[in-house]
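Here are some notes on the model you passed along, written as numbered points so that you can follow them with the structure open.

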Amino acid sequence: MTDAAAYDAWYDTPRGRWVGETEYRLAAKGLAGRPGDTLLDVGCGTGWFTRRADADGFQTTGLDPSAGWLDFARTRSDTASRWVEGDARDLPFADASFDHVLSIAALCFIDDERRAVAECVRVARRRFAIGWLNRNSLLYRQKGRHGGSGAYRGARWHTAGEVRALFAGLPVRKLTLRSAILLPSGSRGAIWLERHAPSSFPWGGLLLAQGEKA
């Protein structure tokens with residue numbers, strides 16, 4: 001298993017910071033939240049995205065099954081963020097507990113993603129943004145084949161159609177798919193392309209489903 005400190009430190013590198021900020025901005029745009037809104041980050045890991053949302057003024061709660069990673073998240077947080085140990089398939093919260101639910105490339109590491117998606121929708125009051133690893137991407141060719149490598153080992157990579165199917169029959173509306181990180185290198189060319197290509201292009205390494213609670 002990847003070390004929590006090493007994993008989080010990657011986001012302090014130029015490439016890691018660019019990837020994280022690009023993915024977060026896409027998700028934040030889909031959530032259309034306001035400072036003071038409550039937000040649950042499902043599968044928060046070391047809490048990078050939770051802390052990023054906190055910096056934007058959200059009242060954040062990070063949930064993860066790993067007590068060790070949550071302990072690390074607490075050491076990096078000096079705000080009022082809450083950290084909860086729990087299972088995405090059985091969230092320990094009442095219906096509509098949070099204005100928004102966020103999850104970035106976390107559900108693809110657990111069994112029964114459909115159940116986890118239903119739980120994310122259940123506890124959302126307004127909007128959700130849930131990201132998966134995209135099988136139709138350059139990142140998949142580099143990191144996802146043959147069981148995956150590094151931090152991607154064991155992850156499931158999905159197509160847009162498979163992601164949409166996970167929401168079938170759930171109380172959601174205005175479900176849209178966007179993608180980010182078309183070229184994962186973080187080079188000048190990758191950054192230029194990311195700025196100018198529409199997020200509707202379905203070939204980015206992150207495939208983000210966003211929508212409203214019906």
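This is a predicted model: local features need pLDDT of at least 70, side-chain atom pairs count only at pLDDT 80 or more; totals for chains, interfaces and linings use all residues.

1. A word on burial to begin with: a residue is called buried under 20% relative accessible area, exposed over 50%, and partly exposed in between, with a 1.4 Å probe and protein chains only. Residues are numbered from 1 along each chain as its sequence is written, and side-chain values use heavy atoms, with hydrogens and water left out.

2. Overall build. The protein chain comes to 8 helices and 8 strands, where helices (H or I, at least four residues) and strands (E, at least two) are DSSP runs numbered from the N terminus. Its C-alpha atoms fill a box of roughly 45 × 40 × 35 Å along the principal axes.

3. Of the 214 residues, 51% count as buried. Taking contact as heavy atoms within 4.5 Å, 70% of the contacts between residues at least 6 apart in sequence join residues at least 24 apart.

4. Rolling a probe the size of a water molecule over the atoms shows where empty space is left. Here a pocket is an open set of points on a 1 Å grid over the protein atoms alone, where a 1.4 Å probe fits, with protein on both sides within 12 Å along at least five of seven lines; lining residues have an atom within 4 Å of a point. Grid points are joined across faces, edges and corners, and a volume is the space filled by probe spheres set on the points. The largest pocket has a volume of about 1,200 Å³. It is lined by 45 residues, and Y7, W69, A105, F109 and A151 are the closest to its centre. At least two lining residues come from each of α1 (4–10), α2 (14–31), β1 (38–42), α3 (48–55), β2 (59–64) and α6 (138–144). The lining divides into 27 nonpolar, 10 polar and 8 charged residues, with Ala, Val, Leu, Ile, Met, Phe, Trp, Tyr, Cys and Pro counted as nonpolar, Asp, Glu, Lys and Arg as charged, and the others, Gly among them, as polar.

5. The second largest pocket. About 300 Å³ of space lies in this one. Of its 15 lining residues, T22, R25, L26, E194 and S199 lie nearest the centre. Two or more lining residues come from each of α2, β7 (172–180) and α8 (188–196), and α2 gives the most, with 5. By class, this lining has 8 nonpolar, 3 polar and 4 charged residues.

6. α3 and what follows. Which residues of α3 are buried? They are W48, F49, T50, R51, R52, A53 and D54, that is, 7 of its 8 residues. Just after α3, G57 takes a positive phi of about 100 degrees. F58 then lies in the loop between α3 and β2 and is buried, with a relative accessible area of 8%. Leaving aside residues up to four places away in sequence, F58 touches Y24, G33, R34, G36, D37, L39, A53 and H100.

7. S77. This residue sits in the loop between α4 (67–76) and β3 (82–85). At 16% relative accessibility, S77 counts as buried. Beyond residues up to four places away in sequence, S77 touches R51 and W83.

8. Two backbone angles to look at. Most residues other than glycine have a negative phi. A105, in the loop between β4 (98–104) and α5 (113–123), has a positive phi near 50 degrees. A105 is partly exposed, at 21% relative accessible area. H146 has a positive phi near 60 degrees and is found in the loop between α6 and β6 (157–158). Is H146 buried or exposed? H146 is exposed, with a relative accessible area of 79%.
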